[in-house]
Amino acid sequence: MTTRAPLATDALPSRWSTVAGAVFLLTALTSVLLTAFAWPSVRSSVHDVPVAVAGPATAAAQIRTALDQRLPGGFDITEVTETAAAEQLIRDRQVYGAIDVSSGTTRVIVASAASTAVAQTLQAIATGLGQADASGAPDAVRDLAALPADDPRGAGLAASALPLVMGGLLAAVLLTRLVHGAVRRVIGALAFAVTGGLAMVAILQFWLGSLSGSYPTNTGAVALTIAATSLTVLGLESLLGYAGIGIGAVVMMLIGTPLSGTATAPEMLPGWSGTLGQLLPPGAGGRLLRATAFFDGGGSSHAVIVLLTWTAFGAALCLVGGLRAHRATKTTAGLPMTDTPPVEAPSVSALSGKP
């Protein structure tokens, strides 16, 4: 009868201090995850949300005063005299909606594709204003940029933020494990950005019906977001090793995704978090996709600049890390690093003294 040789895993049980440390670490990580994703949602509110008021100066001033009384600090109001001017501000993504009193009655213009939360808030406040002055509800609520009929709540677009980030992170991890060479990794990340963009937009636009607009343009927006994420994480890994992947995951997933404002609006996030989120790829990518899908690219300049900057930054980090690895390989292999000629060994005849 043969006995089984002891395996390496049959070692003595870990110390209880190790178990306690693992439990503490898991608890801390779970708490960080909960805080990162729950805090922006729970603390979200309307503050400094840009809206327009269209109408004569006197009527617009009355609406401004009423809005400040009902929701102090809630809106950043732009006054215009005509309805057309307010509509153009909405199309250019400078405001989320407008209260139009140019005709003597209260009318509301919203853009649910920009933010369903802001559109609902604006409509509710306008209704309250109408009831307060005994004129009843607004005569009409017009949606200047409506969401698709197949996804009227914008759930698909809101849910796409996390898969976009996860796709970029997974691309960085797989390319690090499977592909050698900085240039090849950069090309691989860019190629995946294109194919991933084609696939994700096809699902969102043709299957789920969550997007409108041009399929190639939407694909470009998603591809640029994936490229910015994956190249940045790849670049950090090339300089810092696996710690770089961890840093990239924290920045993109734990900070960038909750602060992207994709589900509501950046202006509804607490404090400075919405502004920070728009400087990271998840937030800039979500804004760019909304612009291409529902506003013909209006208001996308800032998002494009942010994503291109992160993409270039990540590619530069990859190339710097590749050059450093190449030099380290040459040093390890013992290759000459200077132009000093090698010293020749003496011949046998010279050692023996014979000519």
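I'd like to start with the hairpin that strands E3 and E4 form, which has 6 residues between the two strands, and where Gly-104, sitting in the turn, has a positive phi of about 95 degrees. Please keep in mind throughout that this is a predicted model. Strand E3 covers residues 97–100 and strand E4 covers residues 107–110, and the two run antiparallel, joined by 4 bridges. To give one of the pairings by name, Gly-97 has Val-110 of E4 as its bridge partner.

On pairing with E1, strand E3 also takes part in a parallel arrangement with that strand, residues 49–54, over 3 bridges. Here the bridge partner of Ala-54 is Asp-100, which belongs to E3.

Let me step back to the chain as a whole for a moment. The protein chain contains 13 helices and 5 strands, and of its 355 residues, 43% count as buried. If we take the contacts with a separation of 6 or more, 71% of them are between residues 24 or more positions apart. The chain exposes about 19100 Å², and carbon and sulfur atoms supply 66% of that area.

Now to the open spaces, beginning with the pockets. The largest pocket holds about 310 Å³ of space, and it is lined by 16 residues, with Pro-266, Glu-267, Gly-274, Thr-275 and Gln-278 lying nearest its centre. Sorted by class, that lining comprises 5 nonpolar, 7 polar and 4 charged residues.

The second largest pocket holds about 270 Å³. Its lining is also made of 16 residues, and those closest to the centre are Ser-41, Thr-257, Pro-258, Ser-260 and Ala-263. Which elements give two or more residues to this lining? They are helix H1, residues 16–42, helix H5, residues 155–159, and helix H6, residues 161–178, and of these H1 gives the most, with 3 residues. By class, the lining of the second largest pocket has 9 nonpolar and 7 polar residues, and no charged ones, whereas the lining of the largest pocket includes 4 charged residues.

The largest cavity has a volume of about 80 Å³, and its lining consists of Arg-93, Tyr-96, Ala-114, Ser-260, Gly-261, Thr-262, Pro-266, Gln-278, Gly-283, Gly-286, Arg-287 and Arg-290. In terms of class, this lining has 3 nonpolar, 6 polar and 3 charged residues. Some of these names have come up already: Pro-266 and Gln-278 are among the residues nearest the centre of the largest pocket, and Ser-260 is one of those closest to the centre of the second largest pocket.

The second largest cavity contains about 50 Å³ of space. It is lined by Leu-157, Ser-160, Ala-161, Leu-164, Val-165, Thr-225, Thr-262, Pro-282 and Gly-286, and Thr-262 and Gly-286 are also named in the lining of the largest cavity. Helices H6 and H11, the latter covering residues 281–294, each supply at least two residues of the lining of this second cavity, with H6 giving the most, namely 3 residues. The residues here divide into 5 nonpolar and 4 polar, with no charged residue.

Thr-176 lies in helix H6, and because its relative accessibility is 9%, Thr-176 counts as buried. Leaving aside residues up to four places away in sequence, Thr-176 touches Arg-185, Leu-234 and Glu-237.

The other residue is Pro-216, which lies in helix H8, residues 215–240. Why does Pro-216 count as exposed? The reason is a relative accessibility of 59% for Pro-216, and the cut-off for that class is over 50%. Pro-216 and Val-201 are 15 residues apart in sequence, and their C-alpha atoms are 8.9 Å apart in space.

Technical notes:
Residues are numbered from 1 along each chain as its sequence is written. This is a predicted model: local features need pLDDT of at least 70, side-chain atom pairs count only at pLDDT 80 or more; totals for chains, interfaces and linings use all residues. Side-chain values use heavy atoms; hydrogens and water are left out. On a 1 Å grid over the protein atoms alone, a cavity is a set of points where a 1.4 Å probe fits but cannot get out, and a pocket is an open set with protein on both sides within 12 Å along at least five of seven lines; lining residues have an atom within 4 Å of a point. Grid points are joined across faces, edges and corners, and a volume is the space filled by probe spheres set on the points. Ala, Val, Leu, Ile, Met, Phe, Trp, Tyr, Cys and Pro count as nonpolar, Asp, Glu, Lys and Arg as charged, and the others, Gly among them, as polar. Buried means under 20% relative accessible area, exposed over 50%, partly exposed in between (1.4 Å probe, protein chains only). Two strands pair if DSSP finds at least two bridges between them. Contact means heavy atoms within 4.5 Å. Accessible areas come from the Shrake-Rupley method with a 1.4 Å probe; for residues, only the protein chains shown count as cover.
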